[in-house]
Amino acid sequence: MTSWNISSLSLQIGTCTTCGKKSYGTRRAAKRAGRALHPDACMRAYQCGTFWHLTSSPRKQEGNR
């Protein structure tokens, strides 16, 4: 069974008409949803037209600058 965080779902404003991904109205909303949906993952918000989306981002490795 999938558990959903209601607050993270309320941040989503719909589906992007360009790429079909979940859309967020602001970068802040996308980042908040990313933290709520994937607390152990490093998520990055990026802009697509007027919307914002989430993508996974590899964690920084120690020693790399």
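## Overall layout

The chain holds two helices and four strands. Read from the N terminus, the order of its elements is α-β-β-α-β-β. Of its 65 residues, 22% count as buried. Among contacts with a separation of 6 or more, 36% are between residues 24 or more positions apart.

The mean pLDDT is 79, and 74% of the residues reach 70 or more. Helix 1 (residues 6–11) has the lowest mean pLDDT among the elements, at 61, while strand 3 (residues 43–48) has the highest, at 92. Where pLDDT is low, the predicted coordinates should not be read in detail.

A29 is buried because its relative accessible area is 13%, under the 20% cut-off. Leaving out residues up to four places away in sequence, A29 touches L11 and Y24. A29 and W52 are 23 residues apart in sequence, with a C-alpha to C-alpha distance of 8.5 Å.

The buried residues of helix 2 are A29, A30, A33 and G34. Viewed down the helix axis, these buried residues fall within an arc of 135 degrees, so they line one face of helix 2. R28 and R35, on the other side of helix 2, are exposed.

The largest nonpolar core has seven residues: Y24, A29, A30, A33, A45, W52 and L54. At least two residues of this core come from each of helix 2 (27–37) and strand 4 (51–56). Helix 2 gives the most, with three residues.

Apart from residues up to four places away in sequence, A30 touches Y24, A45, W52, H53 and L54. L54 belongs to strand 4. Beyond its neighbours within four places in sequence, L54 is in contact with Y24, A30, K31, A33, G34, M43, R44, A45 and Y46. L54 and R44 are ten residues apart in sequence, and their C-alpha atoms are 5.6 Å apart in space.

| Strands | Bridges | Bridge partners |
|---|---|---|
| Strand 1 and strand 2, antiparallel | three bridges | T15 and K22 |
| Strand 3 and strand 4, antiparallel | six bridges | A45 and L54 |

The hairpin of strand 1 and strand 2 has six residues between the strands, and G20 there takes a positive phi near 80 degrees. In the hairpin of strand 3 and strand 4, two residues lie between the strands, and G49 in the turn has a positive phi of about 65 degrees. In the bridge between A45 and L54, both partners are residues of the nonpolar core.

Which strand holds S23? S23 is found in strand 2. S23 is buried because its relative accessible area is 1%, under the 20% cut-off. The side chain of S23 reaches the backbone nitrogen of C16 at 2.9 Å. Residues up to four places away in sequence aside, S23 touches Q12, I13, G14, T15, C16, F51, W52 and H53.

H53, one of the residues that S23 touches, is in strand 4. Why does H53 count as buried? Its relative accessible area is 0%, so H53 falls under the 20% cut-off. A polar atom of the H53 side chain lies 2.7 Å from the backbone oxygen of K22. K22 is also the residue of strand 2 that is the bridge partner of T15.

With residues up to four places away in sequence left out, the contacts of H53 are C16, C19, K21, K22, S23, Y24, A30, R44, A45, Y46 and C48. This list includes Y24, A30 and A45, which are residues of the nonpolar core.

Definitions and conventions: Residues are numbered from 1 along each chain as its sequence is written. Side-chain values use heavy atoms; hydrogens and water are left out. A nonpolar core is a set of buried Ala, Val, Leu, Ile, Met, Phe, Trp, Tyr and Cys residues joined through side-chain atoms within 4.5 Å. Buried means under 20% relative accessible area, exposed over 50%, partly exposed in between (1.4 Å probe, protein chains only). Contact means heavy atoms within 4.5 Å. A polar contact is a pair of N or O atoms within 3.5 Å; within protein, one must be able to donate a hydrogen and the other to accept it, and residues adjacent in sequence count only if both atoms are side-chain atoms. Two strands pair if DSSP finds at least two bridges between them. pLDDT is the predictor's confidence in each residue, from 0 to 100. The arc is that of the directions from the helix axis to the C-beta atoms.
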